[in-house]
Amino acid sequence: MNRFNTHGRRLLAIAGVALLAVCLAVPTARAFEGRGGDVIVIKADEVIDDDLYVGASEFTLNGTVKGDLVVVGGTIEINGTVEGDLIAVGQSIVVNGTVEDDARIAGYALSVGAEVTDDLIAAGFSLENESRSNVGGDLVFVGYQALLAGDVAGNVDMAGGAVEFAGTVGGNVAVDMGGAEPGALSPAQFIFMPNVPALPAVPAGLTVNEGARIAGDLQYTANVEADIPAGAVAGETDFAQYIPEVEARPEVVAPSPAALVGRWFVRQLRRLITLLLVGALMMWLVPDWTRKIAGVVQAQPLPSLGWGVVAIAAFVLVMLVLVIATVLLAVVFGVVTLGELAGRFVVLGGVVMSTVAFGFSITWAYVTRIVISLLLGQLIFRLFKSTAAEHRWWPMLLGVLIFVVITAIPVLGWLATLATVLLGLGAVWLWGRDWLRGRKAAPVVVEAEG
């Protein structure tokens, strides 16, 4: 058996949570029944022929679920029979009935007092397998403390600060205690939280009681070696000393002045090449539109500056509205059990938000800089009464070069960039407003001429 390690345990926990989230979020292809409310009770004579999905503050199953049971709530109690899988997330989960397939449970206080025919996968603060419990497959647990007083037919794989074996295990056992110190006090328990059952007192570290039996090997990682009773482990016992992970910090060597200057020059050269490529693309594809935006900045500098602030605020508001609308639509369709439509609205909302965010980022990061650079080049050529001011390429090339030089200066460069973004965004806003007004007014003009 490979040596148990902390990284593997963390990955196991993450994978378990991800699997649970997928199971809860994606509806199965079979028919299912859904119930929700404050208190939900499935009576002893009630039989659910399909899968059952439940959301409730308190849920009690006294009857039978022929398929899988997926339940999210505060207090969950399983006294009846689940013929499929049990997937439960709650504050406290008590399984006193029978689960004829796998059980995947997560919560603060977890208790299994009956039979799980296949695997038991659990995550939480405390897990108690009572003496009358039986797990027919493997048991996997990630949390703080666990008391295994019942029977486990397969292997046991655990990570926690306090683990006690008092029952029997038919396979191998692997336990990662991390840096838990034997005799250390347990973390504070939420004893005043309503409906939380009493938790077992499990001593910190690994404890194997006299009556416990492990048919396979025992492998554990801990700060100190545990006192294992003779005959409790039929196979080999492998103890690994816990070694805290220390992040290696490479020695930091201060760069020389020449290296700093070289890096600065390379950064500015990259900025220059990037802006020249974007500027060439804009002057090739949309030269007239680019000149119009630059003209708006020249004709209305102060309004452009003000509307630039408005444009940023509008973008934030639009993103907020899209998020709220996506969540509301997903919740509404989820409530009426249209799970497929809910998922599609979430995907659609994500695509729309990504598109809006991408378009806005391209505008403020590149379009605004090219527009201001073009205007700057035009103004300089006009100052010298050069005909190059009306040329397609020369004003953009000169303006980009000057823009990169100005924005490379500390403090001044930051202020120049901020002014560029606000002016450019405001000019695009004003152009868009005038364009929309022109489209609305066009039919009226046509009718008048007719």
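This is a predicted model: local features need pLDDT of at least 70, side-chain atom pairs count only at pLDDT 80 or more; totals for chains, interfaces and linings use all residues.
Nine strands, or 9 in figures, line up in the order 2-4-6-8-10-12-14-17-20, making an open sheet with parallel pairing. Its edges are strand 2 (47-48) and strand 20 (213-214), each of which pairs on one side only. Strands of a sheet pair through backbone hydrogen bonds, in either a parallel or an antiparallel sense. One of the pairings here joins strand 10 (residues 115-116) to strand 12 (residues 134-135), again parallel, over 2 bridges. Within strand 12, Val 135 is the residue that stands opposite Val 116.

Ile 273 counts as partly exposed because its relative accessibility is 44%, which falls between the 20% and 50% cut-offs.

Lys 385 is not a glycine, yet its phi is positive, at about 55°. Lys 385 lies in the loop between helix 5 (339-383) and helix 6 (394-407), and with a relative accessible area of 75% it is exposed. Val 411, likewise a residue other than glycine, has a positive phi near 65°. The loop that holds Val 411 runs between helix 6 and helix 7 (412-449). Val 411 has a relative accessible area of 63%, so it too is exposed.

Note on methods
Residues are numbered from 1 along each chain as its sequence is written. Side-chain values use heavy atoms; hydrogens and water are left out. Buried means under 20% relative accessible area, exposed over 50%, partly exposed in between (1.4 Å probe, protein chains only). Helices (H or I, at least four residues) and strands (E, at least two) are DSSP runs, numbered from the N terminus. Two strands pair if DSSP finds at least two bridges between them.
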